[in-house]
Amino acid sequence: MEEVRETSAWVARNSSHVTIDSSGLEKVVETMKESIPKVEWDYEGIHYFDNGPLTVQYLFVLDALNFCFWPDKDLNYDHLAKGLKEALLNDHSAFDADRLQKYTGPQLRELLKWPRSLPLEEERVRLLHEVGFELERSFEGKASKLVESCGKSAVKLVALVTRHFPGFRDHSMYKGHQVFLYKRAQIFAADLWGAFKGQGYGEFNDIGSITMFADYIVPAVLQQLGVLKYSSTLANAIQASSEIGAGTEEEVELRACSIFAVEKMRELLSIKCGRQVLSVELDLWLWSVGVQCPSLQHHRTLSIYY
């Protein structure tokens with residue numbers, strides 16, 4: 001995760017389109033220091049949970065598919081989480097490794113009870129196949145075996161996931177530098193920690209190493225709070241709902257500067273409150289603020305990474 005922090009900090013120092021407003025950051029921290037908002041994982045009640053290995057399998061499949069909802073205005077994360085939950089409640093073998101390798105686009109739609117093609121549907125199917133194949137080859141078909149092999153280290157889990165599953169290798173080139181973001185690999189560790197409340201499969205002795213998860217929603221919330229400032233060109237593109245290409249300077253800056261800003265927020269809270277706040281907790285709070293704001297304008301990028 002140090003690679004994520006260091007490369008994001010490098011982007012923030014060299015960015016052309018997104019800047020972090022230190023006074024805006026301080027104002028937000030000032031409003032939070034008396035009562036740091038706590039948001040419960042699954043506060044909406046949309047996830048499958050049975051306190052065992054099947055939950056781990058569910059979360060890994062969920063996080064393999066957790067990206068790019070915006071091209072279908074009616075589709076969002078809740079549909080995915082609830083759809084996969086219902087599928088598993090109806091058939092406990094729905095996410096067995098051999099079955100994951102065989103799903104087609106129409107079958108995935110049927111699983112989610114979605115009436116039309118999903119955004120990046122072929123990529124979603126490809127990633128399901130990849131997860132099923134590698135789980136079967138290296139982890140006895142079980143995501144729980146993957147988690148057990150990390151020795152209660154979230155950092156090791158992220159490293160294992162990105163080593164074995166190429167679809168989780170979320171990185172970009174920016175001004176000649178490689179930038180590591182690892183949104184979905186990190187969120188898998190965070191989902192385990194949240195679902196199992198830091199116990200069992202969710203027990204990690206280094207959960208504080210996880211950064212925030214650079215997506216669409218959190219940058220938009222940070223901008224609305226006055227923490228991030230956009231160049232006029234970028235602001236206009238987002239306002240006009242224009243697509244911003246994956247791997248462009250603007251897209252990398254939006255994501256990396258969000259990571260850097262949340263790390264700074266965490267440091268400031270620690271100084272002002274004398275309390276250690278996790279980036280995971282800040283991310284969940286910022287994301288919950290964003291999803292409850294229908295008018296929030298976020299950037300639009302076609303990507304399998306978020």
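Phe180 and Tyr182 are both buried, where buried means under 20% relative accessible area, exposed over 50% and partly exposed in between, with a 1.4 Å probe and protein chains only. The model is a predicted one, in which local features need pLDDT of at least 70 and side-chain atom pairs count only at pLDDT 80 or more, while totals for chains, interfaces and linings use all residues. Residues are numbered from 1 along each chain as its sequence is written, and side-chain values use heavy atoms, with hydrogens and water left out.

Aromatic pairs come next. Rings of Phe, Tyr and Trp (for Trp, its six-membered ring) pair if their centres lie within 6.5 Å; planes under 30 degrees apart count as stacked, over 60 as edge-to-face and the rest as tilted. The count by this rule is eleven aromatic pairs. In one of them, Trp10 and Tyr174, the ring centres are 6.1 Å apart and the planes stand at 80°, so the pair is edge-to-face. Trp10 belongs to helix α1 (residues 2-14) and Tyr174 to strand β2 (residues 171-174), so that the pair links distant parts of the chain, 164 residues apart. Helices (H or I, at least four residues) and strands (E, at least two) are DSSP runs, numbered from the N terminus. Tyr174 has a relative accessible area of 1% and is buried. Phe180 and Tyr182 form a tilted pair, at 5.8 Å centre to centre and with 45° between the planes. Ring pairs also link Phe60, Phe165, Phe168 and Phe188 into a cluster.

β2 pairs with strand β3 (residues 177-180) in the antiparallel sense over four bridges; two strands pair if DSSP finds at least two bridges between them. Met173 stands opposite Gln178 in β3. The hairpin of β2 and β3 has two residues between the strands, and Lys175 in this hairpin takes a positive phi near 50°.

Arg124 involves two rings. Its charged end sits over the ring of Phe67, 4.2 Å from the centre, and Arg124 also lies over the face of Phe69, at 5.5 Å from the ring centre. A charge sits over a ring if NZ of Lys or CZ of Arg is within 6 Å of the ring centre and within 35 degrees of the ring normal.

Salt bridges remain. A salt bridge is a side-chain nitrogen of Lys or Arg within 4 Å of a carboxyl oxygen of Asp or Glu, and the count by this rule is 18. Lys272 forms one with Glu30, the closest N and O atoms being 3.5 Å apart. This pair links distant parts of the chain, with Lys272 in helix α13 (residues 249-273) and Glu30 in helix α2 (residues 22-32), 242 residues apart. Lys272 is partly exposed at 34% relative accessible area, and Glu30 is partly exposed at 37%.

Arg116 and Asp72 form another salt bridge, with the closest N and O atoms 2.9 Å apart. Arg116 lies in the loop between α6 (105-112) and α7 (121-138), and Asp72 in the loop between α3 (53-64) and α4 (77-90), 44 residues apart. Arg116 is partly exposed, with a relative accessible area of 35%, whereas Asp72 counts as buried at 9%.

Within helix α7, Glu123 and Arg126 lie three residues apart, about one turn of the helix, and form a salt bridge at 3.0 Å between the closest N and O atoms. Glu2, Arg5, Glu263 and Arg266 are linked in a network of salt bridges.
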